[in-house]
Amino acid sequence: MNAQLKNIVIVGGGTAGWMAAATFAKLLARDYAIRLIESEEIGTVGVGEATVPHLKLFNKVLEIDEIDFVKKVQGTFKLGIEFVDWARIGDRYIHGFGTIGHDYGLLPFHQYWIKAFKAGKAVDIGEYSLCTAAAPRGKFMASATDVPPTSPLANIAYAYHFDAGRYAAYLRAYAEQRGVRRTEGKITQVVQRPDDGFVDAVVLQSGERIAGDLFIDCSGFRGLLIEQTLHAGYEDWSHWLPCDRALAVPCENVGPPTPFVRCTARSAGWQWRIPLQHRTGNGYVYSSRHISDDEAAATLLNNLDGRALGEPRMLKFTPGQRRKPWDKNVVSVGLASGFLEPLESTSIYLIQSAIARLMSLFPHGDFSPTLIERYNTQAAFEIERIRDFIILHYCATERADSSFWNHVRTMQLPAELEANIRLFRDSGRFYRNAEEMFAVTSWVQVMIGQRIMPESYHPAVDLIADKELDELVGGVRRVIATCVDAMPRHEQFIARYCAADKM
Ligand SMILES: Cc1cc2nc3c(=O)[nH]c(=O)nc-3n(C[C@H](O)[C@H](O)[C@H](O)COP(=O)(O)OP(=O)(O)OC[C@H]3O[C@@H](n4cnc5c(N)ncnc54)[C@H](O)[C@@H]3O)c2cc1C
């Protein structure tokens with residue numbers, strides 16, 4: 001008989017800790033005792049305010065009401081990310097969520113677009129995708145229920161921007177109401193079993209000892225259990241992703257919130273702008289080898305929409321992954337398990353995905369090494385594919401105006417990314433690898449946005465007559481334009497359905 005596992009201890013109350021606690025509260029609280037320990041003295045990173053559409057699934061599993069959620073976290077809606085100055089200074093493109101046109105015959109729409117564009121018969125690829133076309137026009141709505149199921153308005157892909165502190169508080173209330181026991185206090189000692197090194201208990205500064213069978217390490221970059229105690233190891237990716245610091249500062253809103261994040265390339269990294277209902281979040285993610293902290297702070301403060309609401313706060317990190325995110329009876333989630341810079345808002349997604357993976361590979365008390373190995377293999381696959389997607393934004397550039405851009409433009413790439421770029425440049429083809437997070441449409445938009453224009457296209461495109469091609473491409477554009485026209489403005493949608501209470 002397998003040993004039973006009864007007590008789950010979550011170490012850390014940032015976004016990762018409370019997302020784990022909320023999920024366990026919903027799915028496990030009847031059969032397991034769940035405790036969460038957090039230290040106000042240590043605090044959380046307090047950033048992480050842009051998400052990807054997968055979070056809607058997380059909310060659905062937890063049966064979170066979207067309107068209530070958006071109101072309480074000062075949320076706005078996100079249709080994609082606008083990249084400014086990446087391949088060349090002056091460039092601007094949107095990586096939007098959702099589809100581009102629709103598949104036709106055996107091929108994805110972008111294959112037909114390549115031929116039409118090269119013949120001067122098509123416009124920018126963004127005009128063929130609902131989210132990408134609606135975002136810069138400030139339009140937003142949730143999926144409509146009163147349109148035919150084939151209408152682009154019937155299935156709109158979107159995510160949220162939210163206040164990270166309020167999000168953790170929202171999930172905390174959810175988890176505590178459903179039986180998660182929270183303890184405030186600083187862990188000063190981790191006790192391991194002498195025979196096998198499994199974690200037995202954590203001891204707080206107060207002297208309280210909290211024992212557990214399964215520990216979820218959500219302690220942030222420090223990795224209190226997974227690294228400081230178990231020494232699971234860390235694979236450093238800074239040779240591909242040189243940014244290792246961020247300065248973050250909120251500012252006052254100026255004008256209505258945009259339904260997208262803006263990421264503007266700077267001389268040694270990039271700056272984010274995330275609009276919320278009550279303020280705008282900003283940050284400069286940079287490489288400390290290529291710019292001083294003072295210069296980065298000045299760049300950030302000189303490029304805000306409105307008045308800064310405080311001093312910039314610095315965060316230091318090493319991009320990379322934990323070699324064994326699950327080791328013995330410790331599963332690391334969130335920053336404790338690795339970090340990729342927030343260019344494509346993937347960290348909260350990685351938390352969600354780690355929790356889902358743990359649910360699917362949930363152990364008995366004997367912690368089968370086979371389960372652990374499968375978990376770690378899947379986690380590595382997922383983060384490595386996202387890593388390559390992020391590197392693509394840097395390496396596919398023509399910028400030569402700073403040592404930072406010269407470095408990323410000429411660095412040696414991961415072999416699979418290099419092969420993917422070659423394939424796309426050759427004939428616009430990209431094949432999603434198994435369950436990797438970003439879909440073909442994401443890769444296509446970023447490749448083209450970064451000026452990797454395919455030299456050719458799939459030969460089957462030539463099997464349709466020119467007239468049919470014109471009708472396909474022209475038809476999609478007309479439908480998207482009509483849909484975007486029919487959408488309300490983002491701020492109107494928020495005011496009507498989910499305006500936060502005035503503070
Ligand atoms: C600059 C930057 C921008 C980001 N932007 C985005 C974004 O736009 N989108 C996105 O998806 N992600 C983003 N992220 C990532 C996101 O912020 C994190 O994934 C998320 O906040 C999860 O953090 P965490 O809970 O793992 O760690 P933390 O927030 O650091 O929480 C750690 C917790 O552990 C506790 N703790 C630590 N040590 C002890 C101890 N000894 N005793 C008791 N408690 C302890 C702390 O008190 C805290 O509660 C960003 C990250 C950075 C650095």
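By class, the shell around the ligand in this predicted model is made up of 16 nonpolar, 14 polar and four charged residues. In total, 34 residues surround the ligand, and the closest are Gly13, Ala50, Ile187, Leu335 and Ile348. Two helices, α1 (15–27) and α8 (347–360), each contribute at least two residues to this shell. The largest share, three residues, is supplied by α8.

For alanine 16, the distance between a polar backbone atom and an oxygen atom of the ligand is 3.0 Å. At glycine 43, a polar backbone atom is 3.3 Å from an oxygen atom of the ligand. At glycine 14, a backbone N or O atom is found 3.5 Å from an oxygen atom of the ligand.

Helix α4 (residues 109–118) contains histidine 110. This residue has a relative accessible area of 5% and is therefore classed as buried, since the class requires a value under 20%. A polar atom of the histidine 110 side chain is placed 2.7 Å from the backbone oxygen of glycine 428. When neighbours within four places in sequence are set aside, the contacts of histidine 110 are Ile125, Phe424, Gly428, Val440 and Val444.

Aromatic ring pairs number 34 in the model. One of them joins tryptophan 113 and phenylalanine 117, whose rings are stacked, with 4.6 Å centre to centre and 20 degrees between the planes. Tryptophan 113 and phenylalanine 117 are both in helix α4 and stand four residues apart, so about one helical turn separates them. The two residues fall into separate accessibility classes: tryptophan 113 is buried, at 1% relative accessibility, whereas phenylalanine 117, with a relative accessible area of 33%, is partly exposed.

Another aromatic pair, formed by tyrosine 394 and tryptophan 405, is tilted, with 6.0 Å centre to centre and 35 degrees between the planes. Tyrosine 394 belongs to helix α9 (residues 369–395) and tryptophan 405 to helix α10 (residues 403–410), so the pair ties together parts that are 11 residues apart in sequence. Tyrosine 394 and tryptophan 405 are both buried. Elsewhere, ring pairs connect Phe69, Phe77, Phe140, Tyr158, Tyr160, Phe162, Tyr167, Tyr170, Phe493 and Tyr497 into a cluster.

Phenylalanine 389 is located in helix α9. Its relative accessible area is 0%, so phenylalanine 389 is buried. Apart from neighbours within four places in sequence, phenylalanine 389 makes contact with His95, Glu344, Phe438, Ser442, Trp443 and Val446. Between phenylalanine 389 and alanine 415, the separation is 26 residues in sequence and 13 Å in space, C-alpha to C-alpha.

Technical notes
Residues are numbered from 1 along each chain as its sequence is written. This is a predicted model: local features need pLDDT of at least 70, side-chain atom pairs count only at pLDDT 80 or more; totals for chains, interfaces and linings use all residues. Side-chain values use heavy atoms; hydrogens and water are left out. A residue is near a molecule or strand if one of its heavy atoms lies within 4 Å of it. A polar contact is a pair of N or O atoms within 3.5 Å; within protein, one must be able to donate a hydrogen and the other to accept it, and residues adjacent in sequence count only if both atoms are side-chain atoms. Ala, Val, Leu, Ile, Met, Phe, Trp, Tyr, Cys and Pro count as nonpolar, Asp, Glu, Lys and Arg as charged, and the others, Gly among them, as polar. Buried means under 20% relative accessible area, exposed over 50%, partly exposed in between (1.4 Å probe, protein chains only). Contact means heavy atoms within 4.5 Å. Rings of Phe, Tyr and Trp (its six-membered ring) pair if their centres lie within 6.5 Å; planes under 30 degrees apart count as stacked, over 60 as edge-to-face and the rest as tilted.
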